[in-house]
Amino acid sequence: MSPTDQHYPMMDIEQGSERSIINKEQQQRATFHGMGICDYVLIAISLLCVVCTFPFSMMFCLKIVQEFERAVIFRLGRIMSGEAKGPGLFLILPCTDNYQKVDLRTVSFDVPPQEILTRDSVTVAVDAVVFYRVLNPVMSITNVENCDRSTRLLAATTLRNILGTKNLYELLSDRDTISNTMLATLDHATDPWGVKVERIEVKDVRLPVQMQRAMAAEAEAAREARAKVISAEGEQKASKALKEAADVIAESPIAIQLRYMQTLQAISAEKNSTIVFPIPIDFLQGLVNIKH
(Lines give C-alpha, C1' and ligand atoms only; values in the text may rest on other atoms or scores of the structure.)
Protein backbone atom coordinates (compact mmCIF):
# COMPACT_ATOMS: atom_id res chain seq x y z
CA MET A 1 0.00 0.00 0.00
CA SER A 2 1.44 3.39 -0.98
CA PRO A 3 1.71 6.32 1.44
CA THR A 4 -0.97 8.11 -0.55
CA ASP A 5 -3.39 5.19 -0.09
CA GLN A 6 -2.63 5.14 3.63
CA HIS A 7 -3.34 8.86 3.83
CA TYR A 8 -6.88 8.53 2.45
CA PRO A 9 -8.34 6.49 5.39
CA MET A 10 -6.80 8.95 7.84
CA MET A 11 -8.45 11.79 5.97
CA ASP A 12 -11.79 9.94 6.06
CA ILE A 13 -11.48 9.40 9.82
CA GLU A 14 -10.60 13.04 10.38
CA GLN A 15 -13.47 14.18 8.18
CA GLY A 16 -15.86 11.85 10.04
CA SER A 17 -14.75 13.21 13.41
CA GLU A 18 -15.09 16.76 12.12
CA ARG A 19 -18.62 16.03 10.90
CA SER A 20 -19.58 14.54 14.28
CA ILE A 21 -18.19 17.61 16.08
CA ILE A 22 -20.05 19.93 13.72
CA ASN A 23 -23.28 17.97 14.19
CA LYS A 24 -22.93 18.17 17.97
CA GLU A 25 -22.29 21.90 17.80
CA GLN A 26 -25.29 22.39 15.52
CA GLN A 27 -27.48 20.31 17.84
CA GLN A 28 -26.28 22.28 20.84
CA ARG A 29 -26.92 25.60 19.10
CA ALA A 30 -30.36 24.46 17.98
CA THR A 31 -31.16 23.41 21.53
CA PHE A 32 -30.14 26.73 23.02
CA HIS A 33 -31.76 28.79 20.24
CA GLY A 34 -35.01 26.85 20.68
CA MET A 35 -35.21 27.69 24.37
CA GLY A 36 -37.17 30.75 25.42
CA ILE A 37 -37.18 32.99 28.46
CA CYS A 38 -39.69 30.80 30.28
CA ASP A 39 -37.43 27.79 29.76
CA TYR A 40 -34.48 29.57 31.33
CA VAL A 41 -36.64 30.75 34.24
CA LEU A 42 -37.88 27.22 34.95
CA ILE A 43 -34.35 25.82 34.80
CA ALA A 44 -33.14 28.53 37.19
CA ILE A 45 -35.95 27.77 39.63
CA SER A 46 -35.15 24.06 39.47
CA LEU A 47 -31.47 24.74 40.15
CA LEU A 48 -32.40 27.00 43.07
CA CYS A 49 -34.58 24.28 44.57
CA VAL A 50 -31.75 21.77 44.27
CA VAL A 51 -29.30 24.12 45.98
CA CYS A 52 -31.71 25.05 48.76
CA THR A 53 -32.63 21.48 49.59
CA PHE A 54 -29.11 20.08 49.29
CA PRO A 55 -28.21 17.30 50.17
CA PHE A 56 -31.75 15.88 50.26
CA SER A 57 -32.31 16.88 46.64
CA MET A 58 -29.55 14.47 45.57
CA MET A 59 -31.96 11.58 46.13
CA PHE A 60 -33.99 12.90 43.18
CA CYS A 61 -31.10 14.20 41.07
CA LEU A 62 -28.67 11.27 41.12
CA LYS A 63 -29.50 8.40 38.77
CA ILE A 64 -27.64 5.21 37.91
CA VAL A 65 -27.57 3.21 34.69
CA GLN A 66 -25.96 -0.19 34.24
CA GLU A 67 -22.96 -0.98 32.04
CA PHE A 68 -25.23 -2.26 29.26
CA GLU A 69 -27.64 0.70 29.42
CA ARG A 70 -27.66 4.32 28.30
CA ALA A 71 -29.91 7.19 29.42
CA VAL A 72 -31.40 9.70 26.97
CA ILE A 73 -32.20 12.90 28.91
CA PHE A 74 -34.98 15.32 27.94
CA ARG A 75 -34.95 18.81 29.40
CA LEU A 76 -38.28 20.57 29.00
CA GLY A 77 -39.09 18.16 26.18
CA ARG A 78 -35.83 18.70 24.28
CA ILE A 79 -32.94 16.26 24.08
CA MET A 80 -29.92 17.58 25.90
CA SER A 81 -26.87 18.25 23.77
CA GLY A 82 -24.29 15.50 23.58
CA GLU A 83 -24.61 11.74 23.59
CA ALA A 84 -26.65 9.52 25.88
CA LYS A 85 -25.45 9.35 29.48
CA GLY A 86 -23.94 6.30 31.09
CA PRO A 87 -22.85 3.94 32.34
CA GLY A 88 -22.67 4.97 36.00
CA LEU A 89 -23.95 8.08 37.77
CA PHE A 90 -25.47 11.14 36.14
CA LEU A 91 -27.44 14.18 37.32
CA ILE A 92 -30.86 15.45 36.31
CA LEU A 93 -32.87 18.45 37.43
CA PRO A 94 -36.17 17.65 39.13
CA CYS A 95 -39.37 18.91 37.50
CA THR A 96 -37.62 19.87 34.26
CA ASP A 97 -35.73 16.72 33.24
CA ASN A 98 -36.85 13.22 32.51
CA TYR A 99 -34.94 10.34 30.96
CA GLN A 100 -35.44 7.02 29.22
CA LYS A 101 -33.18 4.02 29.53
CA VAL A 102 -32.08 2.13 26.42
CA ASP A 103 -30.71 -1.42 26.60
CA LEU A 104 -27.66 -1.95 24.36
CA ARG A 105 -27.53 -5.75 24.66
CA THR A 106 -28.26 -8.01 21.71
CA VAL A 107 -31.94 -8.96 21.52
CA SER A 108 -33.23 -12.09 19.79
CA PHE A 109 -36.79 -12.85 18.75
CA ASP A 110 -38.65 -15.39 16.64
CA VAL A 111 -40.46 -14.26 13.54
CA PRO A 112 -43.92 -15.92 13.61
CA PRO A 113 -44.52 -18.53 10.88
CA GLN A 114 -45.46 -16.76 7.67
CA GLU A 115 -47.70 -18.32 5.01
CA ILE A 116 -45.79 -17.56 1.79
CA LEU A 117 -46.62 -18.29 -1.85
CA THR A 118 -43.36 -19.04 -3.66
CA ARG A 119 -42.59 -18.08 -7.23
CA ASP A 120 -43.58 -21.56 -8.46
CA SER A 121 -46.99 -21.30 -6.71
CA VAL A 122 -46.26 -23.49 -3.67
CA THR A 123 -47.65 -22.46 -0.28
CA VAL A 124 -45.15 -22.90 2.57
CA ALA A 125 -44.92 -21.77 6.19
CA VAL A 126 -41.54 -20.25 7.08
CA ASP A 127 -40.26 -18.88 10.39
CA ALA A 128 -36.93 -17.25 11.27
CA VAL A 129 -34.92 -15.85 14.18
CA VAL A 130 -33.45 -12.32 14.25
CA PHE A 131 -30.63 -10.88 16.39
CA TYR A 132 -30.28 -7.11 16.72
CA ARG A 133 -29.00 -4.45 19.11
CA VAL A 134 -29.42 -0.71 19.56
CA LEU A 135 -26.44 1.14 18.11
CA ASN A 136 -27.60 4.75 18.66
CA PRO A 137 -29.78 5.26 21.76
CA VAL A 138 -30.83 8.80 20.79
CA MET A 139 -32.07 7.78 17.34
CA SER A 140 -33.88 4.73 18.77
CA ILE A 141 -35.90 7.07 21.02
CA THR A 142 -36.48 10.07 18.77
CA ASN A 143 -36.92 8.51 15.31
CA VAL A 144 -39.30 5.65 16.12
CA GLU A 145 -41.98 5.14 18.74
CA ASN A 146 -40.99 1.57 19.65
CA CYS A 147 -37.87 0.26 17.95
CA ASP A 148 -38.38 -3.31 19.18
CA ARG A 149 -41.94 -3.63 17.88
CA SER A 150 -41.06 -1.87 14.62
CA THR A 151 -38.10 -4.17 14.03
CA ARG A 152 -40.27 -7.24 14.62
CA LEU A 153 -42.93 -6.08 12.16
CA LEU A 154 -40.35 -5.12 9.55
CA ALA A 155 -38.61 -8.50 9.91
CA ALA A 156 -41.87 -10.37 9.24
CA THR A 157 -42.62 -8.18 6.20
CA THR A 158 -39.09 -8.56 4.83
CA LEU A 159 -39.32 -12.34 5.22
CA ARG A 160 -42.53 -12.47 3.20
CA ASN A 161 -41.28 -10.13 0.48
CA ILE A 162 -37.95 -11.86 -0.12
CA LEU A 163 -39.19 -15.46 0.04
CA GLY A 164 -42.02 -14.60 -2.35
CA THR A 165 -39.42 -14.11 -5.09
CA LYS A 166 -37.85 -17.57 -4.61
CA ASN A 167 -39.00 -20.95 -5.85
CA LEU A 168 -39.28 -24.01 -3.63
CA TYR A 169 -35.91 -25.47 -4.62
CA GLU A 170 -34.06 -22.23 -3.84
CA LEU A 171 -35.94 -21.95 -0.56
CA LEU A 172 -34.82 -25.42 0.55
CA SER A 173 -31.22 -25.32 -0.73
CA ASP A 174 -30.04 -21.66 -0.57
CA ARG A 175 -30.88 -20.68 3.00
CA ASP A 176 -27.56 -18.91 3.53
CA THR A 177 -28.09 -16.67 0.51
CA ILE A 178 -31.63 -15.87 1.61
CA SER A 179 -30.45 -15.04 5.15
CA ASN A 180 -27.73 -12.71 3.84
CA THR A 181 -30.21 -10.93 1.56
CA MET A 182 -32.67 -10.46 4.41
CA LEU A 183 -29.87 -9.22 6.69
CA ALA A 184 -28.76 -6.55 4.21
CA THR A 185 -32.33 -5.39 3.53
CA LEU A 186 -33.40 -5.27 7.17
CA ASP A 187 -30.19 -3.63 8.37
CA HIS A 188 -30.51 -0.88 5.75
CA ALA A 189 -34.13 -0.24 6.72
CA THR A 190 -33.39 0.00 10.46
CA ASP A 191 -30.40 2.35 10.15
CA PRO A 192 -32.52 5.50 10.70
CA TRP A 193 -33.80 3.95 13.94
CA GLY A 194 -30.31 3.44 15.36
CA VAL A 195 -30.72 -0.35 15.24
CA LYS A 196 -28.04 -2.76 13.99
CA VAL A 197 -29.30 -6.15 12.75
CA GLU A 198 -26.52 -8.65 13.43
CA ARG A 199 -27.87 -11.98 12.17
CA ILE A 200 -30.93 -13.61 10.59
CA GLU A 201 -31.47 -17.35 10.26
CA VAL A 202 -34.31 -19.22 8.56
CA LYS A 203 -35.38 -21.83 11.11
CA ASP A 204 -37.95 -24.10 9.49
CA VAL A 205 -39.77 -24.53 6.18
CA ARG A 206 -43.03 -26.46 6.56
CA LEU A 207 -44.70 -27.87 3.48
CA PRO A 208 -48.36 -28.91 3.17
CA VAL A 209 -49.08 -32.60 3.80
CA GLN A 210 -50.15 -33.19 0.20
CA MET A 211 -46.94 -31.63 -1.09
CA GLN A 212 -44.90 -33.82 1.27
CA ARG A 213 -46.68 -36.94 -0.03
CA ALA A 214 -46.13 -35.88 -3.64
CA MET A 215 -42.43 -35.23 -3.05
CA ALA A 216 -42.08 -38.56 -1.24
CA ALA A 217 -43.79 -40.40 -4.12
CA GLU A 218 -41.53 -38.63 -6.61
CA ALA A 219 -38.42 -39.56 -4.66
CA GLU A 220 -39.59 -43.18 -4.32
CA ALA A 221 -40.25 -43.43 -8.06
CA ALA A 222 -36.80 -42.02 -8.81
CA ARG A 223 -35.19 -44.57 -6.48
CA GLU A 224 -37.12 -47.45 -8.09
CA ALA A 225 -36.07 -46.28 -11.55
CA ARG A 226 -32.42 -46.18 -10.50
CA ALA A 227 -32.75 -49.65 -8.93
CA LYS A 228 -34.17 -51.09 -12.17
CA VAL A 229 -31.40 -49.53 -14.21
CA ILE A 230 -28.75 -50.95 -11.87
CA SER A 231 -30.41 -54.40 -11.97
CA ALA A 232 -30.52 -54.36 -15.78
CA GLU A 233 -26.86 -53.35 -15.98
CA GLY A 234 -26.00 -56.23 -13.60
CA GLU A 235 -27.90 -58.76 -15.70
CA GLN A 236 -26.17 -57.50 -18.83
CA LYS A 237 -22.74 -57.90 -17.28
CA ALA A 238 -23.71 -61.38 -15.93
CA SER A 239 -24.89 -62.56 -19.35
CA LYS A 240 -21.62 -61.42 -20.92
CA ALA A 241 -19.68 -63.29 -18.25
CA LEU A 242 -21.77 -66.46 -18.81
CA LYS A 243 -21.17 -66.25 -22.54
CA GLU A 244 -17.42 -65.98 -22.01
CA ALA A 245 -17.54 -68.94 -19.58
CA ALA A 246 -19.49 -71.04 -22.09
CA ASP A 247 -16.94 -70.28 -24.79
CA VAL A 248 -14.11 -71.38 -22.50
CA ILE A 249 -15.91 -74.64 -21.56
CA ALA A 250 -16.66 -75.37 -25.23
CA GLU A 251 -12.94 -75.26 -26.06
CA SER A 252 -12.15 -78.12 -23.59
CA PRO A 253 -14.57 -81.13 -23.27
CA ILE A 254 -13.08 -82.13 -19.92
CA ALA A 255 -14.02 -78.75 -18.44
CA ILE A 256 -17.69 -79.77 -18.21
CA GLN A 257 -16.67 -82.80 -16.16
CA LEU A 258 -14.78 -80.58 -13.72
CA ARG A 259 -17.81 -78.36 -13.49
CA TYR A 260 -19.93 -81.43 -12.62
CA MET A 261 -17.51 -82.31 -9.85
CA GLN A 262 -17.64 -78.78 -8.43
CA THR A 263 -21.42 -78.89 -8.41
CA LEU A 264 -21.37 -82.28 -6.65
CA GLN A 265 -19.00 -80.90 -4.01
CA ALA A 266 -21.28 -77.91 -3.42
CA ILE A 267 -24.33 -80.17 -2.99
CA SER A 268 -22.56 -82.54 -0.59
CA ALA A 269 -21.42 -79.60 1.60
CA GLU A 270 -25.05 -78.89 2.51
CA LYS A 271 -25.45 -82.35 4.17
CA ASN A 272 -28.28 -83.49 1.93
CA SER A 273 -29.32 -87.14 2.00
CA THR A 274 -30.12 -87.26 -1.71
CA ILE A 275 -27.48 -86.40 -4.26
CA VAL A 276 -28.28 -86.15 -7.93
CA PHE A 277 -25.26 -87.10 -10.00
CA PRO A 278 -25.54 -85.95 -13.60
CA ILE A 279 -24.48 -88.46 -16.26
CA PRO A 280 -22.28 -86.92 -18.91
CA ILE A 281 -23.83 -86.81 -22.36
CA ASP A 282 -20.55 -87.99 -23.91
CA PHE A 283 -20.69 -91.15 -21.79
CA LEU A 284 -24.20 -91.97 -23.05
CA GLN A 285 -23.08 -91.27 -26.61
CA GLY A 286 -20.25 -93.81 -26.12
CA LEU A 287 -22.69 -96.45 -24.91
CA VAL A 288 -24.88 -95.94 -27.95
CA ASN A 289 -21.93 -96.39 -30.26
CA ILE A 290 -20.89 -99.64 -28.55
CA LYS A 291 -24.42 -101.05 -28.88
CA HIS A 292 -24.41 -100.38 -32.62
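Pro 87 sits in the loop that runs between strand 3 (78–79) and strand 4 (88–91), and the peptide bond that leads from Gly 86 to Pro 87 is cis, with omega near -5°. The model is a predicted one, and the points below are grouped by topic.

**Backbone**

- A cis peptide bond also joins Phe 54 to Pro 55, with omega near 10°, and Pro 55 belongs to the loop between helix 2 and helix 3 (58–61).
- Leu 76, in the loop between strand 2 and strand 3, has a positive phi near 55° although this residue is not glycine, and with a relative accessible area of 27% Leu 76 is partly exposed.
- Cys 95, which is not a glycine either, has a positive phi of about 75°; Cys 95 is placed in the loop between strand 4 and strand 5 (97–103) and counts as exposed, because its relative accessibility is 84% and the cut-off for exposed is over 50%.

- The model holds 1 cavity of 30 Å³ or more, and the space in the largest cavity is about 50 Å³.
- The lining of the largest cavity consists of 7 nonpolar, 1 polar and 2 charged residues, and strand 2 (residues 69–75) supplies the largest share of the lining, with 3 residues.
- Among the lining residues are Ile 73, Met 80, Glu 83, Lys 85 and Val 138.

**Surface**

- Ile 37, Val 41, Leu 42 and Ile 45 together make a nonpolar surface patch of about 390 Å².
- Val 41, one of these patch residues, lies in helix 2 (residues 37–52) and is partly exposed, with a relative accessible area of 43%.

Key:
Residues are numbered from 1 along each chain as its sequence is written. This is a predicted model: local features need pLDDT of at least 70, side-chain atom pairs count only at pLDDT 80 or more; totals for chains, interfaces and linings use all residues. Side-chain values use heavy atoms; hydrogens and water are left out. Patches are made of residues with over 30% relative accessible area and no salt bridge: like charges are joined within 9 Å, nonpolar side chains (Val, Leu, Ile, Met, Phe, Trp, Tyr) within 5 Å. Accessible areas come from the Shrake-Rupley method with a 1.4 Å probe; for residues, only the protein chains shown count as cover. A salt bridge is a side-chain nitrogen of Lys or Arg within 4 Å of a carboxyl oxygen of Asp or Glu. Helices (H or I, at least four residues) and strands (E, at least two) are DSSP runs, numbered from the N terminus. Buried means under 20% relative accessible area, exposed over 50%, partly exposed in between (1.4 Å probe, protein chains only). On a 1 Å grid over the protein atoms alone, a cavity is a set of points where a 1.4 Å probe fits but cannot get out, and a pocket is an open set with protein on both sides within 12 Å along at least five of seven lines; lining residues have an atom within 4 Å of a point. Grid points are joined across faces, edges and corners, and a volume is the space filled by probe spheres set on the points. Ala, Val, Leu, Ile, Met, Phe, Trp, Tyr, Cys and Pro count as nonpolar, Asp, Glu, Lys and Arg as charged, and the others, Gly among them, as polar.
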